[in-house]
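Hi,

Here is the structure I promised to pass on.

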Amino acid sequence: MIDEHEKLDFRVQQWIFKQGWDRLREIQCLAIDPILTGCTDVLISASTAAGKTEAFFLPAISTIAEDKRGVGILYISPLKALINDQDRRLESLADILDLQVTPWHGDSAQGRKSKLKRNPSGIVLITPESLESLLIRDSGWVKSAFQNLKHIVIDEFHAFIGTERGHHLLSLLHRLEHLLGRLKTPIPRTALSATLGELETVPLSLRPNKSLPCKIIKQTQSSASLKMQVKGYIETNTAVGDAVRAEQLVCNDLYELCRGGNHLVFANSRSRTEILAAVLADMCESNAVPNEFFPHHGSLSKEMRETLEARLQQEKLPTTAICTMTLELGIDIGKVNSVVQVTAPHSIASLRQRMGRSGRRGGASILRMLITENELTKQSSIVDKLRLELVQSLAMVRLLVASKWYEPADSLLLHFSTLLHQILALTAQWGGIRADQIYSLLCKDGPFQHVTVAHFKCLLSHMGNTELITQLGSGELVLGHAGEKITNHYSFYAVFKTPEEFRIVSGSKTLGTLPVDSLILEGQHIVFAGKRWVVELVDVEKKVIFVNRAKGGQPPKFGGAGMAIHDVVRQEMFKILSESDYKIKVGEHRIEFADEIAQSLFQEAAKFFQTANLVKNNFIQQGNRTVILPWAGDKVVNTIVAVLISKGFAAGAFAGVIEIEKADSQDVINALKSFQTDGTISANELAESIPEKAIDKFDEYLPESLLIHGYGAKAFDIDNAKIKVEELLEVY
DNA sequence: GACCTGCTGCGGGGTG
């Protein structure tokens, strides 16, 4: 392995020598053979700053050093900022081999693009959207410029897996291989990712038709350790809306923990990011010290974000960024002293990604979680009594540390919105194309393999009826009037959309706005602005949700909406509550990772859990309300809620706990028994009663039947809901 | 009380 580098181009070896590296790292050595030979896909999984990019580029560049006709390497990134970073990092290596590097995205220099158009060669760094625009507008040039393409590499691959954009990317790569006549001799793909976990499933996400094998290269367990702590806070009954006062305790600790060093504080929402940054800046001012706390999120200007990124990277002044997921991906900010997570993380995959941002010079990663729970009153909801935000956080730490598990992509999604986009894109690219060609390219051999011929026919005929496409006398399909209009606008290229917001209105008063990507059913109970509401009417046209006040105790602080929590996380929560123990076993020892307040909050929750006998008691009657504790993921929970609403109950779910108003538990049990035995309710049927089903960008152009089908597959899981209901009913 | 990502071609005006 020591001499592995000698297989690289002589000039690449010289470059390595000039960097002062005494030897290549393990993943870099392991990547040399598979990338030089080019007859396999490669997945490189290693932490941030472990040299993944070089692991790909050193051998890949060696294979194109001699033959410079045409573009040799295509690098694809989810972010423009990463392309700019990569352009800088490749400069010296490319210079030594006299290779052209061209960043190609919406904001990159026109001059360098024109130069590539005249003389295509070297390395192109591009986004999926820019690649789409090249295929549609200039596929002839792409065909000749990429004729000699030897490698495709995808950075931050986990950011694409399971998403609409990821499906778009797979479709683009398949269309590119088709255009270049390389379906039989596929161009090897390399995926780079820092997210560890179930790597065996990833090759299928990289090439669904398996026309090339995939070599997995994984960083062996680094000696770097992880230090983590969960800190608890109790919020005394603050007036609702006094967000600043509520965050003061957390800010006192943040000030002590972070001042003087470089840290990232992940706050989960833009508004909380702003509040924390403002409170901390005020604290600096009143203590007469320079401010070193700054916000970073998607609504801030590019300039503000870049200034803060540069300040973090330079490490000249102590800096703490209070941020959302904008600082989660691999933008070049160097490593920080520690990472702080305020409020429960949304997924273990993102927690792992955030954690990897700390750990300087091979030292330990340091992660703290600051979790605030409400002080209990007589009115407190069961979500508060069970301290579910804290319990979820403890469960996620355990899964992160002990089991190396992370949330897999939902493989049941049908991606009809993206399929419609790709039909339009293919038609625009080819000018005219036959239906059977589209079907085999996109569905049979491409990434939309779940789509049946019947679905595809239904979609095409609807697209014909709505003038998105038109069939010529020859049988070929071309763009229709509506299709021309959509594809001619630059907004066509991206498959994801910025979600529209619905106004929440009570009487004549607007309470605020809510993105429509969450489940909203008429009759559903929701929490908004710290109060309980029942949805009366959804006006899809005007984008308004009319609500009325609902009675029934103090609403829970946590879990009214948000990202879907996975089954495995809820089961881990149930496990630690029923065992009254969250500590992590290592050999004979049990590792404590919670501070005193978090420990006592957990004990409170565990005691409530035991006293109410919640191991067995799945249906709880509280006055005229019934509460169900299914300990299941949100897809199953949402399915049970929708089933109950379809049977006339007023149901809602918070943090995975189902609450049914004005309902006797025996009636609820009977309703669930009939759901289990009558076998008539399908996901499509539940989806039909959803007022607004158009979630993804091109959903509005889908025929109603496919819209329902796609929504049903995305929101509901009848099979697993039945299994869960059977479990719940076992003792009843 | 979620969060994030991306995009064309052209015309007009200023600068060297």
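V12, W15 and I16 in helix α1 meet L58, I61 and S62 in helix α3, where contact means heavy atoms within 4.5 Å. By class, that contact of α1 with α3 has five nonpolar residues, one polar and no charged; Ala, Val, Leu, Ile, Met, Phe, Trp, Tyr, Cys and Pro count as nonpolar, Asp, Glu, Lys and Arg as charged, and the others, Gly among them, as polar. α1 covers residues 10-18 and α3 residues 52-64, and the two pack at about 150° with their axes 9 Å apart. The axes are lines fitted to C-alpha atoms, for helices over the stretch in contact, and the angles run from 0 to 180 degrees between N-to-C directions. The pair is therefore roughly antiparallel (over 145 degrees counts as roughly antiparallel, under 35 as roughly parallel, 65 to 115 as roughly perpendicular, and the rest as oblique). Helices (H or I, at least four residues) and strands (E, at least two) are DSSP runs, numbered from the N terminus.

Before the rest, a word on where this comes from. This is a predicted model, in which local features need pLDDT of at least 70 and side-chain atom pairs count only at pLDDT 80 or more, while totals for chains, interfaces and linings use all residues. Residues are numbered from 1 along each chain as its sequence is written, chains are lettered from A and ligands numbered from 1 in the order in which they are written, and side-chain values use heavy atoms, with hydrogens and water left out.

Staying with α3 for a moment: T53 is found in that helix. T53 counts as buried, at 11% relative accessibility (buried means under 20% relative accessible area, exposed over 50%, partly exposed in between, with a 1.4 Å probe and protein chains only). Not counting residues up to four places away in sequence, T53 touches Q86, R89 and L192.

L176, in helix α7 (residues 164-179), is buried too, with a relative accessible area of 0%. Leaving aside neighbours within four places in sequence, L176 is in contact with L74, L135, V142, L149 and I152. One of these, L135, is 41 residues from L176 in sequence and 8.1 Å away in space, C-alpha to C-alpha.

Next, helix α13 (residues 348-355). Eight of its eight residues are buried, so α13 is largely enclosed by the rest of the structure. What covers them includes the strands β8 (226-235), β9 (262-266), β12 (338-342) and β13 (365-374), along with helices α15 (388-403) and α20 (567-578). In the loop between β12 and α13 you'll find T343, whose phi is positive, near 75°, in a residue other than glycine. T343 is buried, at 13% relative accessible area.

W631 has a positive phi as well, about 50°, although it is not a glycine. W631 sits in the loop between β24 and α22 and is buried, with a relative accessible area of 9%.

α22 is mostly covered, with eleven of its 13 residues buried. Its axis comes within 9 Å of that of helix α25 (residues 704-715), and the two cross at roughly 120°, which makes α22 oblique to α25. K635, N638 and T639 in α22 meet A713, K714 and A715 in α25, a contact with two nonpolar, two polar and two charged residues. G648 follows α22 and has a positive phi, near 90°.

Which residues of α26 are buried? They are I718, A721, K724, V725, L728 and L729. Seen down the axis of α26, the buried residues fall within an arc of 130°, so they line one face of the helix; the arc is that of the directions from the helix axis to the C-beta atoms. The face turned away from the buried side carries the exposed residues D719 and E726. Those buried residues pack against β23 (619-622), β24 (625-628), α22 (634-646), α23 (665-678) and α24 (683-688).

Finally, A683 lies in α24 and is buried at 17%. Leaving aside neighbours within four places in sequence, A683 is in contact with G712, F716 and I718.

Cheers
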